[in-house]
Amino acid sequence: MAQLQIFTMEYNFAGIEEKWQKFWEENKTFKVTEDPEKQKYYVLDMFPYPSGAGLHVGHPLGYIASDIYTRYKKLKGFNVLHPMGYDAFGLPAEQYAIQTGQHPAVTTENNIRRYREQMDKIGFSYDWDREIRTCDPAYYKWTQWVFVRMFKHWFNRQTNRAEPIELLVSGFEKNGNSLINAASSENCPSFSASEWNAMDQKEQQTILLNYRLAYLADTVVNWCPALGTVLANDEVREGFSIRGGHPVIQKVMKQWLLRVTAYADRLVDSLDDLDWSDSLKEIQRNWIGRSEGAIISFKIPDTKKNIREIEVFTTRPDTIFGCTYMVLAPEHPLVSQITTTEYSSRVNNYIREAGKKTELDRISDTKHISGEFTGAYAIHPFSGEKLPVWISDYVLAGYGTGAIMAVPAHDSRDYSFAKHFNLKIQEVVSGGDISSGSYDAKQGILINSDFLNGLDVKEAIERTIAELENRQLGYRKVNHRLRDAIFSRQRYWGEPFPVYYEDEIPYVLDEERLPLVLPEIDAYLPTEKGEPPLGRAKDWQTPEGHPLELSTMPGFAGSSAYYLRFMDPRNDNELVSEKANRYWENVDLYIGGTEHATGHLIYSRFWNKFLFDTGTVCRDEPFKKLINQGMIQGRSNFVYRVKNSNKFVSLGLKDRYDVTPIHVDVNIVHNDILDKESFRKWNPEYSEAEFILEEDGTYRCGYAIEKMSKSLYNVVNPDDIIKQYGADTLRLYEMFLGPLEQSKPWDTNGIEGVHKFLRKLWKLFHNEKNEPVISDENPSNAELKVIHKTIKKIQEDIERFSFNTSVSAFMICVNELGSMKCNKREILSDLVILISPFAPHIAEELWQMLGNSESVSKTDFPGFREEFIVEDMVEYPVSFNGKTRIKVNFPADRGKEEIESKIMENDLVKKYLGGKEPKKIIVVKGRIINIVF
């Protein structure tokens, strides 16, 4: 380091930051390898999708927090893994390719280059040698490999783990499937060993798809014709795609799925072992939605005396005698079979309209009541009563069995439906008033319920299930709201499936033939036959001539195990070596947004548990501690246009005019004062704008706190902040805005104060001529007290991720040391180390100025010594008959008896006593003195 230029004059943040970023890159300062002599710590950010817009100031919030903690743990002696990569497959790049013809790989590469430039400017301590990109064949080889492994495994409920499919086949060959307790598809047929052994290969392989953890099946999906692909629920809002605003319909399609539901109980049970917020754990529990109840069969006879059955799942089998009608999901396969001719037209119309809504829309729409009668009736399993069968979109095909027994007296949605369509309401649990609404509580005594009368709810549930099983009308069942994950997308820019078809049956490629590389195609649209874009690829088949799968994997595929690949990113033979995995184990600290609370986190935990079962990884859970950083909101600015004119009136005068508020680019506004000339140049429409100004000659803008968005012109580019104030100012200011986990507005008005603080810090090391002046004198007790108070505070704050209060503590420390004109090497060295995780560039420069030859990141965190912060004097409030009147100082080691004696010698005490003798003197050591008289 001795040969590096030292900036000794004014605080030249631009030169300092460029210098140290170059140094870190050239010297691979943050490169990390397994070190058995050191305790490991793995810090991970949820890696970004590289969009064309680049980063705005809201994006780095979590990255800065994780970087602070990474640098801190290194100073504490840990061997810290802190990698970064890119979730690089995705629909935006493909849509851009469709519009422009530019290959998504080119767009993605350009976007990644932009992201990397921006992140480098902020000074993150990533080990860039470990960078991964999900669109790299060397990476997605292992995504394909995991898929192949899932295809070759089933979930044994008896052992509660994944096992090779060969063990399942062996069981079928010996006993059929009667003794198998497996996670399997609904309506999986029963068969004996002899029946299995008599099946041909196609029949056997079709059966096995009901058990494989990766399987092909017909399922209801969100289909977007304009985009030509299936969309996840979070990609759809109110029946339209979020990307492009295109109509989305519900459609049954053959799709690849992952049997996530097999792990539902384990996903819930192990949440208790994780250091996650209670709210996040509750979100996951609700999403998985474990519930215990019963499956009940209802028979539906038709005019030809054919008997069909509807199976329903209910958590309240005790209310069976309150069932007065039944409801099927519009997509339920029985609807077309049982609907009578009289009602078929209306039912079909309803099904078409329901198909335009996503499941999320249907769940959230509790006000709109709709449905149609099918003309069919089911038979009550106990009473024999005929129950009308309806369809309605408040019943979902994917939850339970896609059918419900409606008990309007004791379920609010059933009650509303019954009231709307004038259906019978039968009370069966006492305790409520069903004239005004349903009584949903699981408390009360059963009435109007035959053999259940007189039982409480809990007893009635058990009695009902016993009776159902005794009469072979149903059975006990644990159900989950969680669905198997749809794993197919009908688009180009994603991982190809390592799947080929023979006699219309899917098979997976041998692992030695991976990766199956995404082929070149002439256009990124579906084919003329309606096939996905891969249908355009030439020779998209195996060497044997078998056609390959045309769909690609979804966005979450590449992010479901990326944390493992970071442990061993250049290993061509394994996803992760046993050595690397046993050293790094799992992620100690994971930071990312709450938008991933369900999808990504559920899928990653599922993948990890599967890989744990199969011996690839040594830990059952991927992320020990998880922090969701809050959102940095935009602070929008407004100008006020006088209607029917090109005049703009300032905020303080706008109430005198009829005005229209217009969003204005925040980058031409400073402290809410508009740069009028920049405004005229901003939009040709405003080139001749006239202004009605405040008395001081300024145009003051209005403001509002909104989501940071290009359309609201409130996006702040971190590059602009760095250019004006420096990366260290940006880092400190983002932390200073407020608690990490809370959302807060971006307000550039406060950034000047943080920048001034860094200049004050710089001045501690320099005299009036901006020359470095460092003293080797021993520090005073007062200086030691300031720095050790700060050491204690910063360590405590970092450990609890209270970075905003750390910044305040630094400001107090620098002010106090400045007032003492402290330039002692011992004090300043500790201060530089303390601030280095937050403001690493200036810290490196000052560390070098102190004569050190290694990066400040290679040193140790300062040790805290309690004796330096013990107060010499204590200020005691003195109260007279409970009212505080004065304050008196006593040495901290002064005893109670001596304080009682000395306090009576105080002139002010004598004044307030007015010659009276005190009845009692109460001394609370170190806190208060109370004189009673």
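At 54% relative accessibility, Glu578 counts as exposed, because the cut-off for exposed is over 50%. Arg582 has a relative accessible area of 52%, so Arg582 is exposed too. The model described here is predicted.

Glu578 and Arg582 are joined by a salt bridge, and their closest N and O atoms are 3.2 Å apart. Helix α17, which covers residues 578-584, holds both residues. They sit 4 residues apart, and this is about one turn of the helix.

Side chains of opposite charge can pair when their charged atoms come close. Another salt bridge in the model links Asp218 with Lys254, where the closest N and O atoms are 3.5 Å apart.

## A buried pair

Are Asp318 and Arg316 buried or exposed? Both residues are buried. The side chains of Asp318 and Arg316 form a salt bridge, with a distance of 2.9 Å from N to O.

## A network and the total

Which residues are linked in a network of salt bridges? The network consists of Glu109, Arg113, Arg116, Asp120, Glu131 and Arg133.

Over the whole structure, a search finds 56 salt bridges. Among them are the pair Glu578 and Arg582, the pair Asp218 and Lys254, and the pair Asp318 and Arg316.

Note on methods. Residues numbered from 1 in each chain as written. Predicted model: local features only at pLDDT ≥ 70, side-chain atom pairs only at ≥ 80, totals over all residues. Heavy atoms only, no water. Salt bridge = Lys/Arg side-chain N within 4 Å of Asp/Glu carboxyl O. Buried < 20%, exposed > 50% of the residue type's maximum accessible area, 1.4 Å probe, protein only. Helix = DSSP H or I, 4+ residues; strand = E, 2+ residues; numbered from the N terminus.
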